[in-house]
Amino acid sequence: MQIIIVGCGKIGNSITQKLSQEGHNVTVIDLDNSIVQTTSTQYDVMGVIGNGASYSVQQEAGIAETDLLIAVTASDEVNLLCCLIAKKAGNCSTIARVRNPIYNAELSFIKEELGLSMSINPEFSAATEIARLLRFPSAIKIDTFAKGRVELLKFRIPDNSPLNQCTISNISKNIGCDILICAIERGDEVITPNGNTTLYAKDLVSFVASPQNASRFFKKIKIETHQVHNTIIVGGGKIAFYLAEQLIRSGISVKIIEKNLARCELLTEQLPSATIINGDATNQELLLEEGLAHSESFVSLTDMDEENIVLSLFAKKSSKAKVITKVNKISFDNVIRDFDLGSLVHPKQIVADNITSYVRAMQNSIGSNIETLYNIIDNKAEALEFIIRKNSPVIGIPLEKLNIRDHILVACITRKKSIIIPRGKDMIQEGDTVIIVTTHTGLHDIKDILKD
C-alpha cells in the first residue's frame, strides 16, 4: 500500500517503523529537514520536507496515488486539516491524531463531518490501559477482545505458586478454570506452549479467559484480584488527566503530583474530586509525606523515561503498591526487563498496533476481518482477533483436523453470547470472532494460520 505519514515525532516514527517493516511504501512529511533525512534513511522510506497541510506538499508526496494518509503532528488542528485536504485531493482513507480533551468529547461528530477513517489519541488509549490494570492489579498487562468480553492477561508466577513446576495439561484438572495459556516468556525465550509444557516460578505467562474466569483463576492460585482504592500519579499531563477521570468514575481516590504550578491550577479546575499537589516527585521525602508507603498503586507518567524508571523503583522499594511505568523508548525494554517495574505502558506502541490492525484489514480483499491486534511480547508475538466471513477455509472443520502452522494457537472463539476456550473437536463457524496468538508476525487473514 501507498501510505503518507505527516509528522515524524515519537508517534510518527513508531508508525513509520512498523508499517515499513510490513512492506508498505511509506512517504513521510515533516517541516524539519534533519528529521526527515534521519527518518527516511533509518527506515528506507521516501521523505518530503514541508507543511503536510499544504496541497502542493501533499501532491509532491504522491497524494493522488495514496491509499492512506496518517496525520500525527503535534497540532490536532493541523492533523484534521491534513486529512481534509487529503480526502479532497486523493480521496484516500485518513487517520488523524486528536489529543485535546475538548475534541475528545466530539470525536464522532468530527470523524463523520471530515470523513475520517479513524482517529487516534495515544494519551487516552494509554490511560484506558492503565485504568484496566488498576481495576485488576494482579495482571502486568491486560488486552481486551470481543468488545471487552474476552481478555488476554499477563502475570508473573510467584515463587510459592501452585503453578510452579505444573504442566499445562494438569492446570485444568487441578484448578478447574476455563482458561487457555497461550504464551510463556522465560528470559529471552518465547514459548508457544502445549499440554506437556511445564511452568516455573518467575515465568511471565499470558492467558485468555473471560473476565469472570480470569478472576476465578487468580483466586484459585492465591493471587489477590481486588481493585485498588487509591492511587498516586506523578506527572500532570494529558494521560494523567484522562486516567484520573476514569479512576474517579470507578470510585478510586486520585492524588496527582505535578511540578508546574499553572498545570496544577488547571487540573484543580478540571478534576475537582482529585487531590492536586504542586511539587517535585523526585524528592523522596515528598512522596513519603504524601502517603506512598500506604498507597495501593503508583503511576509514573512524567515526560522522561529515566525519571519514571527511578520513581517506580523507589515506589517498589518503599511500598506494596501496584506500580505502573510509562516508557516511550521501547528499545529500553532490553535494559529494564530485569528491573521490577511492575507494568510497563508504551503509548506509541498502542497506537502503532491500532494502525497496523487497520492497515492489514484494508489489504484484505474479502473485507475488514481483522478486528483487533496487540503486540504482546516485544515484537516477538501478536494476538489478533478475526471476524469469520462466509466461505472462509477454516469453517466447519474440527480444530484438531485443521492444518494449522506451527507456533499458532487458536486461543478463543466468541459465538454470539458464548465464549469458547477451544479444544480439538471445536469448530469455527461463520460470524464467529476468533483470537489467534502467534509468534509469526504479519498475519492479514484467518487463512494465514493454515499451512500452504
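The questions and answers below go through these topics in turn.

Author: This is a predicted model, in which local features need pLDDT of at least 70, side-chain atom pairs count only at pLDDT 80 or more, and totals for chains, interfaces and linings use all residues. Residues are numbered from 1 along each chain as its sequence is written, and side-chain values use heavy atoms, with hydrogens and water left out.

Reader: In what order do the strands of the six-stranded open sheet stand?
Author: Strands are DSSP runs of E with at least two residues, helices are runs of H or I with at least four, and both are numbered from the N terminus. Two strands pair if DSSP finds at least two bridges between them. The pairing in this sheet is parallel, and the order is β14-β13-β12-β15-β16-β17.

Reader: Which strands are the edge strands there, and what is the average twist?
Author: An edge strand here pairs on one side only, as β14 (275-278) and β17 (343-345) do. Axes are lines fitted to C-alpha atoms, for helices over the stretch in contact, and angles run from 0 to 180 degrees between N-to-C directions. From one strand to the next, the twist averages 15°.

Reader: Which residue of β16 is the bridge partner of Phe 298?
Author: Phe 298 belongs to β15, where it stands opposite Ile 232. β15 also pairs with β16 in the parallel sense, over four bridges. In β16, the partner of Phe 298 is Val 323.

Reader: Why is β16 described as largely enclosed?
Author: Buried means under 20% relative accessible area, exposed over 50%, and partly exposed in between, with a 1.4 Å probe and protein chains only. Lys 322, Ile 324 and Lys 326 point one way from β16, Val 323 and Thr 325 point the other way, and all are buried. β16 is largely enclosed by the rest of the structure because the buried residues number five of the five.

Reader: At about what angle does helix α13 run to β16?
Author: α13 (residues 305-318) makes a right-handed β-α-β unit with β15 and β16; right-handed means that, with the strands pointing away from the viewer, the path from the first strand over the helix to the second runs clockwise. The helix lies across β12, β15 and β16 (322-326), and its angle to β16 is about 170°.

Reader: Which strands stand at the edges of the five-stranded sheet?
Author: That open sheet is antiparallel, in the order β7-β8-β11-β9-β10. Each edge strand has a single partner, so one side of each is left without a neighbour in the sheet; these strands are β7 (141-145) and β10 (189-191).

Reader: What covers the buried residues of α9?
Author: Helix α9 (residues 211-220) lies across β8 (150-156) and β11 (204-209). Its buried residues include Phe 217 and Phe 218. Contact means heavy atoms within 4.5 Å, and the cover includes β8, α8 (168-175) and β11.

Reader: How many disulfides does the structure hold?
Author: A disulfide is a pair of cysteine sulfur atoms within 2.5 Å. The sulfur of Cys 412 is 10 Å from the closest cysteine sulfur, in Cys 182, which is too far for a bond. The number of disulfides is zero.

Reader: Is Cys 412 buried or exposed?
Author: The relative accessible area of Cys 412 is 1%. Cys 412 therefore counts as buried.
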